[in-house]
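Subject: Structure handover

Hello,

Here is the structure I promised to pass on. Please look through it first, then read my notes below.

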Amino acid sequence: MAKVTAGVTTSHVPAIGAAIDLGKSRDSYWAPVFAGYDFSKRWIEDARPDVVLLVYNDHATAFSLELIPTFAIGCAASFNPADEGWGARPVPVVEGHPEFASHIAQSVIQQDFDLTIVNRMDVDHGLTVPLSLMFGQPKAWPCRVIPFAVNVVQYPPPSGHRCYQLGKAIRRAIDCFDQDLKVQVWGTGGMSHQLQGPRAGFINRDFDQHFLDCMVDDPEQLARISHLQYLREAGSEGIELVMWLIMRGALDADVDEVYRFYHVPASNTAVGHMILENRT
Amino acid sequence: MSLEKPYMDIPGTTVFDADQARIGYHLNMFCMSLMKSANRERFKANQRAYLDEWPMSEPQKLAILARDYNGMIALGGNIYFLAKLFATDGKSFQYAAALMTGMSQEEYAKMMASGGRSPEEPPAAPERGRG
């Protein structure tokens, strides 16, 4: 049977992707950011997943204002890195898992979460930057990836509570898939940041630290954070953190914190990264 | 009954909600068009003519021509769409963010390097036209 072994969270700042692609990862500005992922690259060598269900948001790339799905699951065989206006990132094509993704879609919809099914989609930095951070620059990504896009562009995004419950539904779907697969769920985006208006540059270290702590042992508390609290305390784009709760919902109640990294800034954003493992 | 908007008093922040998305639909879709290089070239060759192809209000077009990002946001622009515009200009997210705060890019980068804008620190109110 498929088995959820671990969860990973990470920010997905586009400038991180640019730094990798342009060979700037050893610059004094970027080196501390990438050093924070050295452990993770070694860890994932051993913990190698067969499939990553990667929760991210599209940034006005595959979805414009013409179509705004709150939750969308990518069921295609492959997904091309998107041209976001300056050419596609030079990273491998993302290989999906249509059979597993379709199973998850059907199961989760039957649990009352009305997903949008996507059979053709390009994937932007929201999905490819986390892959680069965890796997470096391989010729091909070492696992299959199921893209799971969440609307956090047009307000309101789904609530943290909804995301947390969805994570649990995804977990039940994974648990009843009858192939032996090691599955990781990744939640990306965040942490505190604001990209717009006179308040741009907003960072809330205390909020972020508390969030990281609670990801380990009190996710229920995080699931109660309201939209308004995110806007006020994490910045207008910090509300992306609801995506981390999908990942957390898909893990066991009790997890081991394997790794944690926090760094300010990457461009305009506080970078937060965690690895959590199920105990059994 | 109208929707409650308890987020309207957050300083220096415009929430891209249903109303903003409606007002800014064409402005944002114009930005989206700039993902195609042929469109970028046409826009750069004659900005006003390109803008006139879109059913936008005159204030929206003027804000775009002036690269008044706070103005565009007030008129329904969303930062992820506006990113296509400043990318077309060869500018970074940090450049645009600095502009919206009324700081120089250097000052802004320095603020970020020293931990970012603190939650206690109210944002400055840049004059219209600066950001």
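**What turned up**

A:Ala60 sits in the loop of chain A between strand E2 (51-56) and strand E3 (71-74). Helices (H or I, at least four residues) and strands (E, at least two) are DSSP runs, numbered from the N terminus. This is a predicted model, where local features need pLDDT of at least 70, side-chain atom pairs count only at pLDDT 80 or more, and totals for chains, interfaces and linings use all residues. Residues are numbered from 1 along each chain as its sequence is written, while chains are lettered from A and ligands numbered from 1 in the order in which they are written.

Back to A:Ala60. The residue is not a glycine, yet its phi is positive, about 55 degrees. A:Ala60 counts as buried because it has 25 C-beta neighbours inside 10 Å. (Buried means 20 or more other C-beta atoms within 10 Å of a residue's own; exposed means 12 or fewer; partly exposed is in between; C-beta atoms are placed from the backbone.)

A:Ser267 is not a glycine either, and has a positive phi of about 60 degrees. Its loop runs between strand E9 (255-266) and strand E10 (269-278) of chain A. A:Ser267 is buried, with 22 other C-beta atoms within 10 Å.

Next, the cis peptide bonds. One joins A:Tyr155 and A:Pro156, with omega about 0 degrees. A:Pro156 is in the loop between strand E7 (144-150) and helix H6 (160-175). Another joins A:Gly190 and A:Met191, with omega about -5 degrees. A:Met191 is in the loop between strand E8 (182-188) and helix H7 (205-217).

Last, helix H10 (residues 242-250) of chain A. 9 of its 9 residues are buried, so the helix is largely enclosed by the rest of the structure. Among them are A:Trp244 and A:Arg248.

Best wishes
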